[in-house]
Amino acid sequence: MKNLQLVANDFENEGMQTSPTTNPTADEQLLDAYSQAVISVVEKVSPAVVNIDVHRQLQSRRRNNQTFMQEVRGNGSGFVFTQDGYILTNSHVVHEATKIEVTLSDGRNFIAELIGDDPDTDLAVIRIDAPNLVAAKLGDSQSLRAGQLAIAIGNPYGFQTTVTTGVVSALGRSFRSRSGRLIDNIIQTDAALNPGNSGGPLVTSHGEVIGVNTAVIMSAQGICFAVPINTAKMIIGSLIRDGKVRRGYIGIGGQNVPLPRRVVLFHELSLESGVLVISTEENSPAQKAGLQEGDVIVGINQQPIANIDDLHKLLTHDQVGVRSQLTILRRSQKLVVDIVPEESPGG
């Protein structure tokens, strides 16, 4: 009993001696690493996130069949990606807008010009003439991994920033844009999108933009999607130069897939991944060329294809109407299929 009492006293005394050494007033010591990472990212990126207020003229019809023009307003987000005022957002936020107003995170308000619009990828570029802009840093969506931290930032009403966090749930998803074209290689995340967050950035824990938030499936308990930033990088130049993206298309729904090592060695492939054909569109070049579900595209015109981004890079407007050769894997065979890309209906 005597020894037990001493042990108890020693424990009690030790606790009394160590308690004054703690410093509970330091906020950073009370926050865990996850919170610190999110706070750091928000402080870094939110000055580049903007609110976009859009005016549109829509034709409406009265009961007596008379038509009239009605002004409607919409709202979304975007982010500055160059210090001279270029802003990336969703096509559906600014498409057919008659007036675009941008509010920065510091409250400044500007009229924006629509530079380019691409409904096929649901991306658009607008521009404002404003000094002292903060530009977000663009990352590399190709390096993403499922389970990675994802932070969605928006500025839906101006003067405030909304932040939600989650993880990258899946990669390589596909869904149809408002134009009807399949958008491939979509990032799926469970970072909830608040109303008005469309067009805002999806960011990593390092503060790099890896996607543009574009859609949410409400009935699927918060499954959200973002267009990968690598896709945006490919089309930004065309939007700034031409106001649209002219592209060839072959009409498939595809997903990036790794290839077994033995298949790579047997067929002497230079890359260890390809594009799995999930579906072919009706009367598309792919269907006319005889592509089948389950085929894996590994090359076009002797250029290796590792992923959907590679395929998009090579299906430029120069390829429209030009006979090309697709290298595919069909079951155990490697085949070369002739195909003639057409101009994308959205182009």
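Is Asn-283 buried or exposed? The points below take this up along with other features of the chain.

1. The structure is a predicted model. Its secondary structure comes to eight helices and 21 strands.

2. The chain as a whole. The chain has 347 residues, and 46% of them count as buried. Its accessible surface comes to about 17,900 Å², and carbon and sulfur atoms account for 50% of that area. Among contacts between residues at least 6 apart in sequence, 62% join residues at least 24 apart.

3. Asn-283. The opening question can be answered from the relative accessible area of Asn-283, which is 52%; the cut-off for exposed is over 50%, so Asn-283 is exposed. Asn-283 sits in the loop between β16 (273-280) and α7 (285-288). Its phi is positive, about 60°, although Asn-283 is not a glycine. As background, most residues other than glycine have a negative phi.

4. Gln-302. A positive phi is also found at Gln-302, near 65°, and Gln-302 is likewise a residue other than glycine. The residue lies in the loop between β17 (296-300) and β18 (303-304). With a relative accessibility of 79%, Gln-302 counts as exposed.

5. The largest nonpolar core. This core has 30 residues, and the members that touch the most others are Phe-79, Leu-88 and Ile-153. Several elements give two or more residues to the core, among them α3 (33-45), β3 (86-89), β8 (149-154) and β12 (208-217). The helix α5 (229-242) is another on that list. Which element gives the most to this core? It is α5, with five residues.

6. The second core. A separate core holds 17 residues. Its members include Val-50, Val-94, Leu-104 and Leu-133.

7. Length of α3. The helix α3 has 13 residues, and at 1.5 Å a residue it should span 18 Å.

8. Which residues of α3 are buried? They are Val-38, Val-41, Val-42 and Val-45. Seen down the helix axis, the buried residues of α3 fall within an arc of 100°, so they line one face of the helix. The face turned away from this buried side carries the exposed residues Ala-33 and Glu-43.

9. The aromatic pair. The count of aromatic pairs comes to one. The pair is formed by Phe-81 and Tyr-86, with 6.3 Å from centre to centre and 35° between the planes. Planes under 30 degrees apart would count as stacked and planes over 60 as edge-to-face, so this pair is tilted. Both Phe-81 and Tyr-86 are buried.

10. Asp-129 and Tyr-86. Asp-129 lies in the loop between β6 and β7 (137-138). Its relative accessible area is 71%, so Asp-129 is exposed, whereas Tyr-86 is buried. Asp-129 and Tyr-86 are 43 residues apart along the chain, and their C-alpha atoms are separated by 9.0 Å.

11. Gln-255. This residue is found in strand β15 (residues 252-258). Its relative accessible area is 26%, so Gln-255 is partly exposed. Leaving out residues up to four places away in sequence, Gln-255 touches Gly-172, Gly-274, Val-275, Leu-276, Ile-278 and Ile-308. Gln-255 and Val-277 are 22 residues apart in sequence, and 6.9 Å apart in space from C-alpha to C-alpha.

12. Val-336. Where does Val-336 lie? It lies in strand β20 (residues 333-339). At 57% relative accessibility, Val-336 counts as exposed. Apart from neighbours within four places in sequence, Val-336 is in contact with Gln-325, Leu-326 and Thr-327. Val-336 and Ile-297 are 39 residues apart in sequence, with 9.8 Å between their C-alpha atoms.

Terms used: Residues are numbered from 1 along each chain as its sequence is written. This is a predicted model: local features need pLDDT of at least 70, side-chain atom pairs count only at pLDDT 80 or more; totals for chains, interfaces and linings use all residues. Side-chain values use heavy atoms; hydrogens and water are left out. A nonpolar core is a set of buried Ala, Val, Leu, Ile, Met, Phe, Trp, Tyr and Cys residues joined through side-chain atoms within 4.5 Å. Buried means under 20% relative accessible area, exposed over 50%, partly exposed in between (1.4 Å probe, protein chains only). Helices (H or I, at least four residues) and strands (E, at least two) are DSSP runs, numbered from the N terminus. Rings of Phe, Tyr and Trp (its six-membered ring) pair if their centres lie within 6.5 Å; planes under 30 degrees apart count as stacked, over 60 as edge-to-face and the rest as tilted. The expected span of a helix is 1.5 Å times one less than its number of residues. The arc is that of the directions from the helix axis to the C-beta atoms. Contact means heavy atoms within 4.5 Å. Accessible areas come from the Shrake-Rupley method with a 1.4 Å probe; for residues, only the protein chains shown count as cover.
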